[in-house]
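Hi,

Here is the structure I promised to pass on to you. Have a look at it first, and then read my notes below.

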Amino acid sequence: MTIGNPATSSNEPTGSTVNRRRMLTVALGGAATVALPAPAWAATDQRPGAHRPPKLTPGDRKIIAQVSAERALSHLRVLSEEMGPRIGGTASERRAADYIAKQLDHLGYDVRLEPFAVADKFLAQLSSPARLPRDLNWQAGASPHAALDTTVKGDVVDVGAGAPENYPTNVTGRIVLVDYVAAQREQLVATAVSRGAAAVVLLAADGVPPRRTSAFSPTLPGSAGSPVPIPVVGVAQAQKERLRELLACGRQTLTISTSAHRGLTSNNVIAERRGRSRAGGPVVMVSAHYDTVIGAPGANDDGSGTVLCLELARVLRAIPLQATLRFALWGSEEQGLIGSRYHVQQLPQEERDRFLAVYQNDMVATSWDPATRYWLLSFTGQANRATDEVAAAAVRLGYDPRISPVTQRGSSDHQSFQEVGIASANFSWRGEETPALLEPPYHTPEDTIAKNISIERLQVSLELIGCATYATAR
């Protein structure tokens with residue numbers, strides 16, 4: 001989900017249709033696979049947090065008998081643990097798009113990649129001969145106004161606030177850790193350069209609890225005409241804390257590699273199965289975004305919504321439906337809903353008029369304890385077919401006390417559709433009081449399966465969206 005706005009550049013050709021015989025290679029690495037306990041309820045059992053057992057329709061039973069959060073989790077392991085951060089337009093995002101497209105193609109959907117241009121990205125990768133802890137992702141942001149496409153190695157020194165008096169006598173060739181203060185960033189970097197540092201690691205300020213801050217690509221606008229001659233990178237709060245913990249245990253050596261990714265193409269993945277209605281008949285869409293922010297493995301944001309789509313595509317592929325069923329996985333959502341807005345802009349009005357509802361799923365499985373409410377989020381603040389069907393499914397599942405009233409909020413891909421009058425909403429687990437209350441791992445290297453996924457909440461999300469989608473499309 002967007003709140004605003006170590007791979008090579010992704011400039012490979014993008015085809016319009018997936019070849020069924022195409023093979024996909026996934027580079028393995030990262031954290032070890034995490035085992036989560038499977039949900040233990042039967043179709044007629046009372047769900048966790050529900051106030052009574054379900055009263056299911058025959059259609060609901062078709063869905064609930066088949067949806068499996070465990071199956072969805074197998075896809076999430078690939079996306080979050082094996083691939084890791086999926087930055088819009090880079091090769092990491094393209095690998096994820098190819099994986100998603102292959103799964104949907106295998107299920108028998110007509111699949112196409114929808115390419116569009118996105119802005120350049122500037123990334124960094126941190127490593128150490130002593131091995132940095134593997135439970136945390138070590139991708140960071142690189143400054144576009146400093147040294148790029150380079151690798152430096154050096155011992156680490158922490159200079160705290162970065163004033164001249166905070167420096168030891170000699171930092172030549174060393175990697176400097178300094179607390180980031182936006183108003184002082186250029187002076188902080190200039191001081192490090194003047195002392196002979198090999199690189200500057202700007203340490204993100206702490207977020208306001210429970211939020212924690214993200215990795216970032218530092219801007220140094222005053223240096224645009226004369227780039228800083230050494231790498232300057234921005235790390236997340238969790239990375240900052242771990243680096244300082246390691247340094248407190250003794251001498252530490254870091255390797256920092258920076259890379260510029262230019263001339264980028266991102267992709268939406270669109271899959272369709274035509275319904276029994278005539279050509280040009282109604283459309284129901286289930287969607288999520290599959291990209292992430294810098295340094296975030298994106299297990300919940302929005303790997304969880306992505307794998308919900310893949311699992312519902314598996315379940316719904318052979319169930320007769322009147323409406324045409326579409327699954328859409330959006331690229332470059334984190335840069336400002338770019339993929340979904342591009343898609344909507346390409347739709348002529350007669351195509352827009354076909355939509356009955358768009359079910360956008362963004363952050364549907366957090367394990368954060370306070371995220372006990374399942375939110376119905378509408379950009380306009382008004383109910384529509386999507387919110388109505390999910391609310392009705394919640395009543396049938398006995399889950400209505402945990403469902404929010406329709407609440408005004410954009411900042412996810414439902415907004416792109418509602419801006420042109422298409423019934424859409426975003427569905428998400430968040431804190432009880434407000435949809436702005438998001439889990440601490442949000443947009444951070446800690447958004448992992450181990451730290452931020454509840455398979456029970458994922459199962460409930462699958463049931464709610466699956467039953468609502470079938471009720472709309474049947």
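Let's start with two helices: the axes of helix α2 (residues 69–83) and helix α6 (residues 299–316) come within 8 Å and cross at roughly 135°. Axes here are lines fitted to C-alpha atoms, for helices over the stretch in contact, with angles running from 0 to 180 degrees between N-to-C directions. That angle makes α2 oblique to α6, because angles under 35 degrees count as roughly parallel, over 145 as roughly antiparallel, 65 to 115 as roughly perpendicular and the rest as oblique. On the α2 side, the contact (heavy atoms within 4.5 Å) is made by Arg71, Ala72, His75, Leu76, Leu79 and Ser80. From α6 come Ala299, Gly303, Ser304, Thr306, Val307, Leu310, Glu311 and Arg314. By class, the residues of this α2–α6 contact are six nonpolar, five polar and three charged. Ala, Val, Leu, Ile, Met, Phe, Trp, Tyr, Cys and Pro count as nonpolar, Asp, Glu, Lys and Arg as charged, and the others, Gly among them, as polar.

A word on where this comes from: it is a predicted model, where local features need pLDDT of at least 70 and side-chain atom pairs count only at pLDDT 80 or more, while totals for chains, interfaces and linings use all residues. Residues are numbered from 1 along each chain as its sequence is written, and side-chain values use heavy atoms, with hydrogens and water left out. Helices (H or I, at least four residues) and strands (E, at least two) are DSSP runs, numbered from the N terminus.

Next, α2 and helix α12 (residues 455–473): their axes come within 9 Å and cross at roughly 110°. That makes α2 roughly perpendicular to α12, and the crossing is right-handed. Ala69, Glu70, Ala72 and Leu73 of α2 meet Ile455, Leu458, Gln459 and Leu462 of α12. This α2–α12 contact has six nonpolar residues, one polar and one charged.

α12 also crosses helix α9 (residues 385–396), at roughly 120° and with the axes coming within 8 Å. α9 and α12 are therefore oblique to each other, and their crossing is right-handed. Arg385, Glu389, Val390, Ala393, Ala394 and Arg396 of α9 touch Leu464, Ile465, Cys467, Ala468, Ala471 and Thr472 of α12. Here the classes are eight nonpolar, one polar and three charged.

Which residues line the largest cavity? They are Leu132, Val156, Leu177, Leu243, Leu246, Leu247, Gln252 and Leu254. On a 1 Å grid over the protein atoms alone, a cavity is a set of points where a 1.4 Å probe fits but cannot get out, and lining residues have an atom within 4 Å of a point. The space in this cavity is about 50 Å³ (the volume filled by probe spheres set on the points, which are joined across faces, edges and corners). Helix α5 (residues 237–248) gives the most to the lining, with three residues. The lining has seven nonpolar residues, one polar and no charged.

Lastly, some backbone details. Most residues other than glycine have a negative phi, and most peptide bonds are trans. Proline 209 and proline 210, though, are joined by a cis peptide bond with omega about 5°, and proline 210 sits in the loop between β6 (199–203) and β7 (232–235). The bond from aspartate 301 to aspartate 302 is cis too, with omega near -5°, and aspartate 302 lies in helix α6. Leucine 337 has a positive phi, near 60°, and is in the loop between β11 (324–330) and α7 (338–346).

Cheers

Key. On a 1 Å grid over the protein atoms alone, a cavity is a set of points where a 1.4 Å probe fits but cannot get out, and a pocket is an open set with protein on both sides within 12 Å along at least five of seven lines; lining residues have an atom within 4 Å of a point. A crossing is left-handed if the near helix is turned anticlockwise from the far one by less than a right angle, and right-handed if clockwise.
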